[in-house]
Amino acid sequence: MILSKRLYPPAVIGIIGGGQLGKMLAQSAQRMGYKVAVLDPSEDAPARSTCHTFIQADFSDEEALVKLSDMSDIVTYEFENIDAHILRNLVSDYYVPQGAETVLTLQNRTSEKNAIRDSGASIVPFENVSSRGDVESFADKYSYPLIVKTATGGYDGKGQYYIGSKEDLTAENIPFEDREFIVEKYIDLEREVSLTAARSAGGEIVYFPLQENLHRDQILYRTIAPARVAYFEQAKAEVKKIMDAMLFVGVFTVEFFIDKEGELYVNEIAPRPHNSAHYTIEACNISQFDAHILSVTNQPLPEVYQHQDAIMMNLLGEDLDRLGLELFDYSEWNVHLYGKSDRKPARKMGHVTILTDDIDMELIKLKKNFEKES
Ligand code: ADP
Ligand code: MG
């Protein structure tokens, strides 16, 4: 269904997925006066505390998704892996501005990377592989090091195998018989950046500043915005190619690699709010969550600007173990805790955002206070 009119509060926004992204979307929607209904399988989903109606149900429970849609004026999702058949049904019967086809393409790394390549954007060499032999043939063409990734369901580096040499390939027990995989060239990274953009239902596009991302163990560790490298225009041009090839309504983020030669490559696309744009809550005139709510409700989008430079640090379970309540000792840290009860070392439990006029000085302070290094 297509919505040609603007949707004003107190309309109900139904959100599929009640993790931290769902929670922050709900907070933004509620600030504007919308009502929010959330569906999530977890009893203590972060967004449960920030919605008017909570449906605890599995993402594969079509009846529950229909119930959510029936009580909502529009349906949006922060969760990417909704079943294709169910999502297509929802899109045909309800107003789901993000649609089905883009997210379905992006659910699978093979179709995602094919779509990026077909759009003309630059991407590292990759191939779909179903055996060790396939990876070896790829290595004959492109040489080691390589990285093998599950085609579906991976996030925060889950389901990834670094293959430095043929010996690594022999040693790794990659379950080719159970899953689909891709292999790609492992890049000697100079830096990683991401660009978050939003497209409204009316076709307006706005871009957030270029974000510079540091990962540790393949999980986002820190974002600095604006990025301290001059790739904004080039990244925008790459995003534009992708947008011309795929339909986006709402907020989305394109992740990039920059190699040691200075080449920019698209890594992947997230058709939803993204961890690397959390700093926008404090640092910009509108947050990525505001941009998403405005987009899907067919409201006009303002030009984005950033008030002050920002650093965002993720708070994993292990960071909380280390910092404890000291987290609140640093008044310049804007603390976000998502309210997850089950703390695990590598689980994203929250984040902090720091606004500053001196990124270098702040990084030195963070080494001492956040990492506890002298
Ligand atoms: P996820 O879906 O888990 O975010 P990504 O493909 O973005 O998967 O990989 C997570 C991180 O792992 C990247 O941000 C990057 O730091 C590292 N990584 C992934 N692929 C490569 C690659 N081909 N070369 C170098 N580093 C990589
Ligand atoms: Mg990624």
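## Arg88 and its partner

Arg88 is partly exposed, with a relative accessible area of 42%, a value that belongs, like the others given here, to a predicted model. Arg88 forms a salt bridge with Glu101, and the closest N and O atoms of the pair are 2.8 Å apart. Because Arg88 lies in helix α3 (residues 84-93) and Glu101 in helix α4 (residues 101-106), the pair ties together parts that are 13 residues apart in sequence. Glu101 itself counts as partly exposed, at 45% relative accessibility.

## Other salt bridges

The count of salt bridges comes to 23. Among them is the pairing of Lys344 with Asp342, where the closest N and O atoms are 3.8 Å apart; Lys344 is partly exposed at 45% relative accessible area, and Asp342 is partly exposed at 40%.

Glu373 and Lys367 also meet through their side chains in a salt bridge, at 3.9 Å from N to O, with Glu373 partly exposed at 38% relative accessibility and Lys367 partly exposed at 42%. Elsewhere, salt bridges that share partners join Lys113, Lys149 and Glu184 into one network.

## The magnesium site

The magnesium ion (ligand 2) is coordinated by Glu255 (OE), Glu255 (OE) and Glu268 (OE), at 1.9 to 2.8 Å. Since Glu255 lies in strand β13 (residues 250-259) and Glu268 in strand β14 (residues 264-270), the pair ties together parts that are 13 residues apart in sequence.

The two coordinating residues fall into separate accessibility classes, because buried means under 20% relative accessible area: Glu255 is buried at 12%, whereas Glu268 is partly exposed at 22%.

Key:
Residues numbered from 1 in each chain as written. Chains lettered and ligands numbered in written order. Predicted model: local features only at pLDDT ≥ 70, side-chain atom pairs only at ≥ 80, totals over all residues. Heavy atoms only, no water. Donors = N, O, S within 2.8 Å, 3.2 Å for Na, K, Ca; no water. Helix = DSSP H or I, 4+ residues; strand = E, 2+ residues; numbered from the N terminus. Buried < 20%, exposed > 50% of the residue type's maximum accessible area, 1.4 Å probe, protein only. Salt bridge = Lys/Arg side-chain N within 4 Å of Asp/Glu carboxyl O.
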